[in-house]
Amino acid sequence: QVQLVESGGGLVQAGGSLRLSCAYTARAFSSYIVGWFRQAPGKDREFLAAVDASGGSSHYADSAKGRFTISRDKPKNTVTLQMNSLKPEDTALYFCAALNDDYQQTGYWGHGTQVTVSS
């Protein structure tokens, strides 16, 4: 069964940090770009960051630059999103997804992990 599974969400105070992990099925997704997205209630899903298959190249949305860092651990088949200086507006359901070489969605998504930032 091919899958992506997120973990690491939770409740944190404003200014705090969280580290989200995305564990993926190696045989299915080791050659894919993996991205992190989030969706807040009543809002569209928002791209945050992505890392290529080698882990050597990453891209960020403006909303994530400077506070979020994406990384890939190939031996452990995980992609991590380190989030610092969290704000209440970062409250959302966070997803990881497999992307193609054009950074387009492939339809493979995890179920998400909730992040709640209190003021």
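**Entry 1: threonine 78.** I began with threonine 78, which is buried because its relative accessible area is 18%, and buried means under 20%. I noted that the model is a predicted one. Threonine 78 is found in strand S8, residues 78-83. What does threonine 78 touch, not counting residues up to four places away in sequence? I listed Cys22, Ala23 and Tyr24, and also Ser71, Arg72 and Asp73.

**Entry 2: arginine 38.** Next I went to strand S4, where arginine 38 lies. Is arginine 38 buried or exposed? I read a relative accessibility of 9%, so arginine 38 counts as buried. I then looked for partners of its side chain. The side chain of aspartate 90 makes a polar contact of 2.8 Å with that of arginine 38. The side chain of tyrosine 94 makes a polar contact with the arginine 38 side chain as well, at 3.0 Å. Leaving out residues up to four places away in sequence, arginine 38 touches a list of residues including Asp44, Glu46, Leu48, Phe68 and Glu89.

**Entry 3: strand S4 and its partners.** I stayed with S4. Six of its seven residues are buried, so I wrote it down as mostly covered. How many bridges join S4 to S9? I counted seven, and the two strands run antiparallel. Isoleucine 33 has leucine 99 in S9 as its bridge partner.

S4 (residues 33-39) also pairs with S5 (residues 46-51), in the antiparallel sense, over five bridges. I checked two positions here. Valine 34 has valine 51 as its bridge partner in S5. Glycine 35 stands opposite alanine 50 in S5. S4 and S5 form a hairpin, with six residues between them. In that turn I found glycine 42, which has a positive phi of about 80°.

**Entry 4: on to S6.** I followed S5 to strand S6, residues 58-60. Three bridges join S5 and S6, and they run antiparallel. Alanine 50 turned up again, this time opposite histidine 59 in S6. S5 and S6 form a hairpin with six residues between them. Its turn holds glycine 55, with a positive phi of about 85°.

**Entry 5: the disulfide.** How many disulfides are there? I found one. Cysteine 22 is joined to cysteine 96, with 2.1 Å from S to S. The pair links distant parts of the chain, 74 residues apart: cysteine 22 is in strand S3 (residues 18-24) and cysteine 96 in strand S9 (residues 92-99). Both cysteine 22 and cysteine 96 are buried. Why did I write "right-handed" for this disulfide? I did so because the torsion about the S-S bond is about 70°.

**Entry 6: the cores.** I reminded myself that in soluble globular proteins nonpolar side chains tend to be buried together. The largest nonpolar core here has 27 residues. Trp36, Phe68, Val79, Leu81, Met83 and Tyr94 have the most contacts inside it. Among the elements that give two or more residues to this core are S3, helix H1 (26-29), strand S7 (68-73) and strand S11 (113-118).

I took a second look at methionine 83. Leaving aside its neighbours within four places in sequence, methionine 83 is in contact with residues including Leu18, Leu20, Phe68, Tyr94 and Val115.

Notes: Residues numbered from 1 in each chain as written. Heavy atoms only, no water. Pairing = 2+ DSSP bridges. Helix = DSSP H or I, 4+ residues; strand = E, 2+ residues; numbered from the N terminus. Buried < 20%, exposed > 50% of the residue type's maximum accessible area, 1.4 Å probe, protein only. Contact = heavy atoms within 4.5 Å. Polar contact = N/O pair within 3.5 Å; in protein donor to acceptor, adjacent residues only side chain to side chain. Disulfide = S-S within 2.5 Å. Core = buried A, V, L, I, M, F, W, Y, C linked by side-chain atoms within 4.5 Å.
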